[in-house]
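Me: Could you take a close look at the charged pairs in this model for me, and then at the aromatic rings and what surrounds them? I'd like the cut-offs spelled out as you go.

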Amino acid sequence: MHAPISTSVDQEDAQKLKIVIVGHVDHGKSTLIGRLLFDTHSLPDGKIEQIQKACAAEGMDFEYAFLLDALLEEQEQNITIDTTQIQFRTKARNYVIVDAPGHKEFLKNMITGAASADAAIVLLDAREGLQEQTRRHGYLLSLLGVKQVLVAVNKMDLVEFSQATFNDLERDYRAFLEPYGIEPLHFIPMSAKHGHNIVKSSEKMSWFKGPTLLAALDHLQQPPAPIDRPLRFIVQDIYRFDERRLIAGRIESGQLKTGDELVFWPDRKRSKIKSIETWPEKPGKTHAQAGQSIAITLEEQIFVQRGHIASHLETPPVEGHSFSARVFWLHNEPLHVGQSYTLKLATQQVEARLVRIDRLMDSATLTPLNESRQSIGRNEVAELVFRARQPLAFDNSDVVQETGRFIVVQDGRIGGGGVIFGSQYEPTTDAVRSTNISWTDDPISPEARIDYFGHRGAVIWMTGLSGSGKSTLATALQARLFRQGYATTLLDGDNLRHGLCSDLGFSAEDRSEKYPTRGGSGQTSCRGRTRCDRSVYLASGERP
């Protein structure tokens with residue numbers, strides 16, 4: 001266990017609950033947010049008067065939505081076209097509201113807004129009922145892992161505060177959300193324009209015995225603080241200052257301190273933190289935590305690069321080539337099975353191939369499609385499997401959200417985004433070992449190889465501490481011997497960890513296997529695999 005560390009982060013900020021408000025266009029999101037700001041006295045002094053004067057000058061009636069839709073373009077189109085973050089406060093705690101657009105053309109912004117939310121309010125128009133975007137937004141909340149959901153049935157004044165209408169909408173929407181694992185905490189009938197059931201219970205709907213919207217918000221659970229989750233230090237770059245080699249990055253979750261041993265994934269190299277560096281400098285800093293951008297130096301100079309993710313040994317991420325994900329596709333060109341794409345996860349960027357589509361949903365109703373498809377079209381959602389060309393470090397999104405989400409790049413721009421919900425584990429140390437095996441003789445004799453190549457064989461081992469120049473020397477030596485007519489092959493230890501040695505960690509047993517001693521036969525191999533570290537092997541017939 002790692003001891004708790006004192007935080008310099010504002011505790012008030014840590015207690016803010018992020019709420020995303022979603023719903024079909026014109027269902028009243030901006031009006032609701034404006035009303036919340038007004039009723040909780042969270043607006044700057046003079047803001048109401050300013051909007052009222054502007055409305056009077058234009059000959060318009062005052063609307064609470066104008067508190068947010070201040071841009072002329074948004075007022076003319078009567079749609080919210082971007083995500084807006086607004087803060088307000090109740091006696092219980094502070095909130096950040098993410099106003100996400102409901103128009104179909106702005107789903108990318110909606111996904112951006114909901115991605116960091118702790119809870120959601122889904123807004124329904126009592127008169128219009130369930131619409132395409134209402135269904136789509138419900139699924140997206142499930143895809144993004146938003147568990148705490150309130151459903152606000154707005155504009156009840158337009159259906160004469162009918163309990164029957166409210167009950168029908170609640171029944172239908174609960175039935176729609178159930179297959180996606182979303183169970184709303186409350187359905188609340190309300191009218192944002194007239195303030196019914198926002199802060200105070202409405203006399204017009206005395207039949208409703210549940211909480212007001214504000215009371216329901218105050219009873220939502222605060223999510224675990226990022227510092228209480230597993231450490232994920234995302235490496236952004238490597239810098240050299242004086243004799244120091246600084247590994248710069250951001251702590252997305254967890255905490256670290258000097259002396260901690262870190263494992264860097266996907267290469268699994270380990271070293272202890274020698275120092276923590278910040279800008280401006282704070283000499284003697286020994287602790288850092290989620291949300292901070294820092295640099296660290298290591299006691300042993302191992303190879304670390306941009307894209308690596310550092311963790312503590314006991315709480316590692318998943319390392320693998322394949323994973324299952326839920327993806328929402330936004331590109332005009334379809335996402336095709338068998339085609340390669342660029343995946344960006346944290347600071348990792350790899351080429352990956354879409355292996356298969358496990359489940360596809362109708363883009364309008366989000367009901368599963370039974371048809372077999374080899375592509376995903378614009379605004380469609382699917383559960384699928386990607387396989388990367390090189391190992392990735394990641395988490396299932398319900399473990400660490402920041403390393404469980406990714407984007408797919410096509411033709412130089414973002415094509416879609418997804419969340420990982422299942423890693424495709426591959427057999428490693430638990431693999432079954434064969435017993436019915438026998439040695440196969442080489443039909444080419446050592447003498448024949450010497451005659452063909454014109455020289456005897458040898459293995460030259462380059463050993464030394466990390467960062468001492470083994471790879472540089474081995475590369476230069478190989479080039480020199482090749483120019484002199486020797487048949488040479490370079491086997492680099494780091495390269496082997498991407499393939500042949502990908503299942504080995506840094507335990508004493510694994511290090512012993514990766515750096516073996518010669519057996520009686522003279523072979524440098526174990527478990528049937530030849531292993532060399534930073535070496536030049538001169539191809540010939542004799543065993544070294």
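Reply: Glutamate 252 makes a salt bridge with arginine 250, and their closest N and O atoms are 3.2 Å apart. The term salt bridge here means a side-chain nitrogen of Lys or Arg within 4 Å of a carboxyl oxygen of Asp or Glu. Glutamate 252 is partly exposed at 21% relative accessibility, and arginine 250 is partly exposed too, at 30%. (Buried is under 20% relative accessible area, exposed is over 50%, and partly exposed is in between, with a 1.4 Å probe and protein chains only.)

A word on the source: this is a predicted model, so local features need pLDDT of at least 70 and side-chain atom pairs count only at pLDDT 80 or more, while totals for chains, interfaces and linings use all residues. Residues are numbered from 1 along each chain as its sequence is written, and side-chain values use heavy atoms, with hydrogens and water left out.

Back to the charges. Glutamate 351 forms a salt bridge with arginine 389, with 3.4 Å between the closest N and O atoms. Glutamate 351 is in strand 18 (residues 348–361) and arginine 389 in strand 21, so this pair ties together parts 38 residues apart in sequence. (Helices, H or I of at least four residues, and strands, E of at least two, are DSSP runs numbered from the N terminus.) Glutamate 351 is partly exposed at 34%, whereas arginine 389 is exposed at 65%.

Glutamate 380 pairs with arginine 373 in another salt bridge, the closest N and O atoms being 2.8 Å apart. Here glutamate 380 is buried, with a relative accessible area of 12%, and arginine 373 is partly exposed at 22%. Shared partners also join the salt bridges of Asp168, Arg171 and Asp172 into one network. By this rule, the count of salt bridges is 17.

Now the rings. A search of the whole structure turns up 11 aromatic pairs. One of them is tyrosine 173 with phenylalanine 176, which is stacked at 6.1 Å centre to centre and 5° between the planes. (Rings of Phe, Tyr and Trp, the last by its six-membered ring, pair if their centres lie within 6.5 Å; planes under 30 degrees apart are stacked, over 60 edge-to-face and the rest tilted.) Both residues sit in helix 7 (residues 163–177), three residues apart, or about one turn of the helix. Tyrosine 173 is buried at 0%, and phenylalanine 176 counts as buried at 12%.

Phenylalanine 323 and phenylalanine 386 make a tilted pair, 6.3 Å centre to centre with 45° between the planes.
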